Structures are given as structure tokens and as C-alpha cells.
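Here is a short briefing on one structure. Please look over the sequence and the 3D view before reading on.

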Amino acid sequence: MSTTQTVKVPQIGESVTEVTIGTWKKAEGQQVNADEALVEVESDKASMEIPSPVSGVLRKIMIAQGDSAKVGQIIAEIEAGAEASAAPPAAESAPAPEAPKAAEPPRSVAATPAVGTDKPMPAAASSAGNGAPVKASPAVRRMMAEHNLAPAAVHATGPAGRIEREDVVRATQPAPPVDVVGGPARRTGAGAPRSRADVERVVPMTPLRKTVARRLLEAQQNAAILTTFNEVNMESVMSLRKRYQDSFLARHGIKLGFMSFYVKAVVEALKAFPIVNAEVRGTDIIYKDYFDIGVAVGGGRGLVVPVVRDAHRLSLAEIEKTVAELATRARDNKLALEELQGGSFTISNGGIYGSLLSTPILNPPQSGILGLHAIQDRPVAVNGQVVIKPMMYLALSYDHRIVDGREAVSFLKRVKECIEDPERLLIEV
């Protein structure tokens with residue numbers, strides 16, 4: 001005998017009270033299995049999937065994609081123990097065919113109604129037309145399939161030509177009207193001026209973007225942020241990677257990148273200057289005798305900072321594997337809430353997007369963040385001679401309430417020394 005089982009928004013964090021419903025994995029009338037992913041939800045901290053509590057048939061979706069729901073609110077009903085019919089039930093009376101409608105502009109992703117996502121994906125969304133696979137996460141490829149978008153129609157802004165969720169959103173929005181000379185249309189009818197509102201688009205912030213905006217504003221208002229700069233010669237690390245890349249990959253199953261060296265260098269510098277690893281709590285300074293390093297990555301719905309726990313205990317290979325796994329799950333919106341909380345220091349690598357120099361902003365309540373930038377061949381003076389070296393600018397933003405300039409400059413210098421002379425990382429000097 002079948003019974004009705006409700007699906008509720010679970011408690012996913014102490015401060016989370018509301019979520020936005022994302023993609024429904026199943027449509028009404030479809031079979032679901034216990035613990036199978038049923039729907040994606042996005043909170044102001046992270047995205048996650050809600051699994052089906054039982055096996056049965058999804059009878060009713062109560063909150064559509066793009067709508068908000070409170071923690072504890074019922075969002076669907078499942079008939080437990082039931083089996084889906086082979087074909088959807090026929091309507092009692094077939095409605096008269098409607099007259100063809102004028103073509104409508106594509107709707108934004110946020111307003112797309114709830115639909116099942118198990119339909120076959122167009123070939124255009126799984127390959128780039130020339131046989132090469134599309135550089136996009138499964139969630140982004142589903143979005144492209146739902147809107148019948150070919151990869152060539154989407155302008156990719158992610159690293160190495162990767163298509164991000166925001167790229168698909170932009171591709172689904174109508175372009176502004178254009179007049180005969182190629183500029184935005186300024187007049188309609190008999191020469192009447194067009195309102196600016198006619199060529200503007202209003203797109204609500206996602207919960208994640210709202211939180212990012214709020215936290216960045218809090219960081220500016222609640223901390224005395226200063227930035228100090230230095231530059232590092234990457235020649236030694238690049239030479240080391242080149243010499244041992246093949247054997248490292250064969251032994252560990254992952255390439256030796258730069259991030260593991262950056263994390264190790266930061267840990268050594270934090271050991272030498274623990275105030276940079278501390279935080280202000282009221283009128284107290286909290287020193288942290290652990291090194292949980294946040295690594296900023298571009299996720300499917302924006303920038304997120306997953307945390308590499310106990311980085312001082314990890315080898316270079318373990319760091320590379322951890323960062324790669326976190327970055328992949330960030331792009332696929334699979335990170336758990338606890339993986340985004342509790343970091344003691346942050347590394348942000350704007351260099352992968354081509355940034356030459358920047359002033360990173362603190363990730364509260366942390367007191368330091370290291371900004372990394374593009375590696376460029378530049379002329380530098382070495383032993384009185386001008387030579388070409390692969391150079392990278394470093395930027396340390398810090399909370400001047402507890403970190404003095406001396407400690408900040410000395411910290412950044414230690415990071416520079418460890419990267420330029422990676423043997424220091426082995427003997428910890």
C-alpha cells in the first residue's frame with residue numbers, strides 16, 4: 001500500500017533560513033529511488049542537492065525552479081512504493097489547438113519553469129561541433145540543452161575557454177535593439193525618444209551573490225584593510241616542475257601544479273608570523289594553531305572559497321589532489337556547506353584570468369589574503385646584469401587592526417623566499 005511522503009527543505013546551516021529552488025532532476029509522474037538526487041537548491045552560502053527520502057513516484061512539485069522556499073517548507077510530494085506508468089496519463093478531453101503565437105524572446109534562467117532534466121542532450125551541447133568536447137560542467141551543459149544553445153553561441157569567460165553558468169545566462173537574454181547605424185535604438189514610432197528602461201534588463205541577484213556582496217561590504221566596513229606588494233621569480237619552481245612532472249604524474253596520478261607550492265609557502269610564512277593567521281573577535285585576538293587554507297575558485301554560480309584543511313600535514317601531491325577535487329565540485333555546485341567554512345587564511349589566484357596586479361579583499365573574519373597574478377617574462381637586474389625572468393606579482397591584503405606593516409611585509413617576503421627557493425619547504429627554514 002502506497003503512502004504520501006513529503007519532501008522538505010532541510011536545515012543546511014545555522015544562519016540559513018531560505019533557499020532558492022534550482023533544477024528539478026525529476027518531473028511529476030516520474031519514478032524516483034531512495035537517496036537519488038531530486039532537486040538542486042541554492043542557499044546564500046552554497047548549493048546542494050536534496051535526495052529523495054523514499055522510492056516511489058514524484059506526484060507533485062510544489063515550488064518551481066527559481067522560486068524561494070523556507071527551511072522546513074514542503075516542496076514536493078512522493079507516493080512511496082508506487083510505480084510510474086509506462087506512459088503519461090491522457091487528458092480527459094483534448095483541448096482545441098491554439099493559434100500560433102508570435103515568437104517570444106528567451107526567458108532568463110531564473111524564470112524557467114520546473115522541468116525534468118533527463119531529456120536527451122542535443123549533440124551541440126556535448127561537443128563543440130568540431131568533435132572537441134565542450135569545456136563545461138554537467139550542470140552548465142544541462143542548461144545549454146534546456147535552451148537549445150550550441151557552444152558556438154555562448155561566449156565562454158572561464159579559464160581555458162570553459163563555459164560558466166553566467167555565460168549561458170547571458171546567452172539566453174535578448175540583445176538590445178539596434179538602429180540603422182549600429183548603435184542602440186534611441187527612438188520609436190514617429191521619432192519619440194526611447195526610454196532607458198526599454199534597453200535595460202533587471203536580473204535578481206542569486207542568494208550566493210547577495211551573500212558575496214554583503215560579506216565584501218562588511219569586510220570594507222569592519223576592518224582596516226591595507227595591501228603590500230612584492231614580486232617573485234618563478235624560475236626555480238618552473239624548472240622543478242619540468243624536471244619531475246612525468247614521474248610525479250606517474251606516481252600520484254595528478255600533475256604537479258603551482259598551487260601546492262603556494263599553499264606550502266603560505267603555511268611556512270604563517271608559522272613564522274602567526275598574527276597573520278589570527279582574527280579579531282570583539283576586543284580579543286584569536287590565534288589559530290592550525291592552517292586551514294581557503295583557495296578561491298570560480299564555481300558554477302560565482303566565486304567560492306573551499307578550504308584545504310590541515311594544509312601543514314599534507315604533501316604536495318595531497319594538496320594538488322584536494323584542490324583539484326574541490327575546484328571540480330565547485331564548478332558542478334557539489335560543495336558541502338562545511339567545506340566553505342572555517343578557513344584561517346585565503347589564497348586568490350587572479351592570474352588564471354590574466355590579472356597582472358590587484359588588491360584582494362579580506363574574507364571575514366580572516367586577517368589576511370594572498371593575491372597571485374599572471375606569470376610574465378620581464379627584464380630584471382641579476383648580479384648587475386639585465387636578464388629575462390618569469391616574474392609574478394604578489395599582493396597581501398591584511399587587517400591593520402592587528403597586523404602591523406612590519407609583520408605584513410616580512411610575511412610576504414617569506415612567501416617570496418619559499419617560492420624562489422623551494423628547497424626551503426623541505427627543511428622548513
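At what angle do the axes of helix α6 and helix α7 cross? In this predicted model, the crossing angle is roughly 115°. The briefing takes this helix pair, then a sheet.

**Helix pair α6 and α7**

- Helix α6 covers residues 259-272, and helix α7 covers residues 316-331.
- Their axes come within 8 Å.
- Angles of 65 to 115 degrees count as roughly perpendicular, so α6 is roughly perpendicular to α7.
- The crossing of α6 past α7 is right-handed.
- On the α6 side, the contact is made by Met259, Ser260, Phe261, Val263 and Lys264.
- On the α7 side, Leu316, Ile319, Glu320 and Val323 meet them.
- By class, the residues of this α6 and α7 contact are six nonpolar, one polar and two charged.

**Four-stranded sheet**

- The sheet is open and has four strands, in the order β5-β4-β2-β7.
- Pairing in this sheet is antiparallel.
- Strands β5 (47-51) and β7 (68-70) are the edges, and each pairs on one side only.
- From one strand to the next, the twist averages 40°.

**The β4 and β5 pairing**

- Strand β4 spans residues 37-42 and runs antiparallel to β5.
- How many bridges join β4 to β5? There are five bridges between these strands.
- Alanine 37 has proline 51, in β5, as its bridge partner.

Technical notes: Residues numbered from 1 in each chain as written. Predicted model: local features only at pLDDT ≥ 70, side-chain atom pairs only at ≥ 80, totals over all residues. Heavy atoms only, no water. Pairing = 2+ DSSP bridges. Helix = DSSP H or I, 4+ residues; strand = E, 2+ residues; numbered from the N terminus. Axes fitted to C-alpha atoms, helices over the stretch in contact; angles between N-to-C directions. Parallel < 35°, antiparallel > 145°, perpendicular 65-115°, else oblique. Left-handed = near helix turned anticlockwise from the far one by under 90°. Contact = heavy atoms within 4.5 Å. Nonpolar A, V, L, I, M, F, W, Y, C, P; charged D, E, K, R; others polar.
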